Amino acid sequence: LSSLPLLPSLILLIVKMECCSGGANTPTCLNAAKQGGEEKKEMIMLPRRRTKTRKLLPFATWKKSKNGGSDENNVDIAKKVDEVQWRFLSPKQVNALIQRGSALMMSQVATFFESIIAAMNKRLQSRRKMEKKSSTIFDPIAVWPFTAANRFQLGFLHAAQDNLKSTLSMINVKFHVDLASKFITLQGSNGEDLRVSDLDGVLRDFDEICERFVDYDLAALVESMLEGCSQELGSRLQYLDSDESGTGVSHFIKSIKPKAVVVQEGKDTALRRQLVIRYGQEEPAPVEEGGGGGPPARFITYIDLNTLKQEHVEALMKQYSCKSKGELNRKLLYKHAGMACRACLEAMQVYSDQTDSGKYGWASAYNASYAAGSLFLKSCKASPVVAETLPAGFAQEVVSCWLRDSISSWVSWKSAIKNEFLRWRDSYGKEKPSLLEITASPKLMAEFKEVMCVESTFSSGWALEKQLDFLFKDRSKRDIKDFQIAQIPLAIRHRKGSRLALLNCPVATSASARSVDCCEASTSATVCYGVGGGSSIQSTKTSM
């Protein structure tokens, strides 16, 4: 990937555009010093307090043989590799991946291939629609127009390029960059371009490797996210600390432990409602009843496939549209990374004594989702200890997968469901969806929360600061609905329509076109925050 000469100029756009904003007619960049009349002094942040970190464990490792010795282990794994009927890879290449590669880096290659296939499907659908034919191309060459990638995809490609290059070299695959058409293609050992079926074969082989030879420790992943969140929230929510040391929030988050979901057989609650990643706490038995008393046991649930029955695993595979357990492991990895941060915000609602008087808890669900994406991006680099456990580009990779899944959910919704989502979103949780079809569906409720996480994701620390202030500042010991929308800074306020299309737009979009979509109508003239982060005043006012 070091041979991609066009990437640096595109990456420069990402550096300049620290964060994206709402849908059409929404400000894009939040690094301007003044947002529609807000004083510049509001951007001054308190000194960051760092607390002592702990050693974190890797959450995806190669399985070890029961024999114990390294040589015996290699022989044992080689035998298992030979027993598998591989679709694209050879046993020699699989052994090279296991012996010299990284399970997480292999997952990054899988994400890269999925992005290429998704882009190919979009191009082919457009072409077939224009030609008014059902199918005219048989197994096309896999190409990816990297100038059409969104900022998260391009950020992932830039940060993880060394990982991708080293992993692909183990399976004898090379990059080819066509500067004329601005496409990335992949070439096999014979020098021929790989086709879509080849990429699909590699993906299925990778999923087979994940299922047979990789140990996933999602509890360790949750621990890493808790460590990052404790650093980030501890420094940004100092006004919630009850003591002068300023470590109350950080210590509270650090006291939370991962807890595997235990499915209650025969329980009326649907399986999908049980297999969720959430915050919870259990009060200890009082001393009078033989208990130890003390503070409650705080936990964040995670899904451990090793402890679930096969029928539950199959239900999860159907829920996440996975063809194998290996693919399910990869998807759960990305799901837990972000939802653990959302669960931390649920915990902060308990810490600040907020209550939700509404039925089904839609207001608290909104607040936990509102800053989850921004918190995740910052938590991944909040501490060197956390960063060491994550491969380069992990944060951008996870958000790009979220965005893809959220767009898929949005497209599948009927117009009435979309309207209900926007009504709930634009009320900032005050209004709950009124359709029984939504409130009675665990699937739709989960999708609403996940799409909300993506819609409000910003990469700017300033935006996260404002989001957290809206959620928690001066709102302790109050009903979660007790607020005024006017308290929310205009720069992070929702605008008309879904923001997913803007988040998914190519980074190569011209500055003038992007400015039209990113105008702020809070003043008499339209203030536009272009890709360079500066602002310009247009003479005409854009209608909202």
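Reader: What makes β3 and strand β4 a pair in this model?
Author: Keep in mind that the model is predicted. Two strands pair if DSSP finds at least two bridges between them. β3 and β4 (residues 183-187) have 5 bridges, in the antiparallel sense, so they count as paired. One of the links joins His176 to its bridge partner in β4, Thr185.

Reader: Where do these strands sit in the sheet?
Author: The open sheet has 3 strands in the order β2-β4-β3, paired antiparallel. β2 (143-144) and β3 (174-178) stand at the edges with a single partner strand each, so one side of each has no neighbour in the sheet.

Reader: Why is Arg272 called partly exposed?
Author: Its relative accessible area is 21%. Buried means under 20% and exposed means over 50%, so a value in between is called partly exposed. Arg272 belongs to helix α10 (residues 271-274).

Reader: Which residues does Arg272 touch, not counting those up to four places away in sequence?
Author: Those are Gln319, Pro442 and Lys443. As for His312, it is 40 residues from Arg272 in sequence, and their C-alpha atoms are 9.6 Å apart in space.

Reader: Why is helix α5 described as largely enclosed?
Author: Of the 9 residues in α5 (residues 151-159), 7 are buried, so the rest of the structure largely encloses the helix. Among the buried ones are Arg151, Phe152 and Leu157.

Reader: How do you know that Asn150 makes a polar contact at the start of α5?
Author: A side-chain oxygen of Asn150 comes to within 3.0 Å of the backbone nitrogen of Phe152.

Technical notes. Residues are numbered from 1 along each chain as its sequence is written. This is a predicted model: local features need pLDDT of at least 70, side-chain atom pairs count only at pLDDT 80 or more; totals for chains, interfaces and linings use all residues. Side-chain values use heavy atoms; hydrogens and water are left out. Helices (H or I, at least four residues) and strands (E, at least two) are DSSP runs, numbered from the N terminus. Buried means under 20% relative accessible area, exposed over 50%, partly exposed in between (1.4 Å probe, protein chains only). Contact means heavy atoms within 4.5 Å. A polar contact is a pair of N or O atoms within 3.5 Å; within protein, one must be able to donate a hydrogen and the other to accept it, and residues adjacent in sequence count only if both atoms are side-chain atoms.
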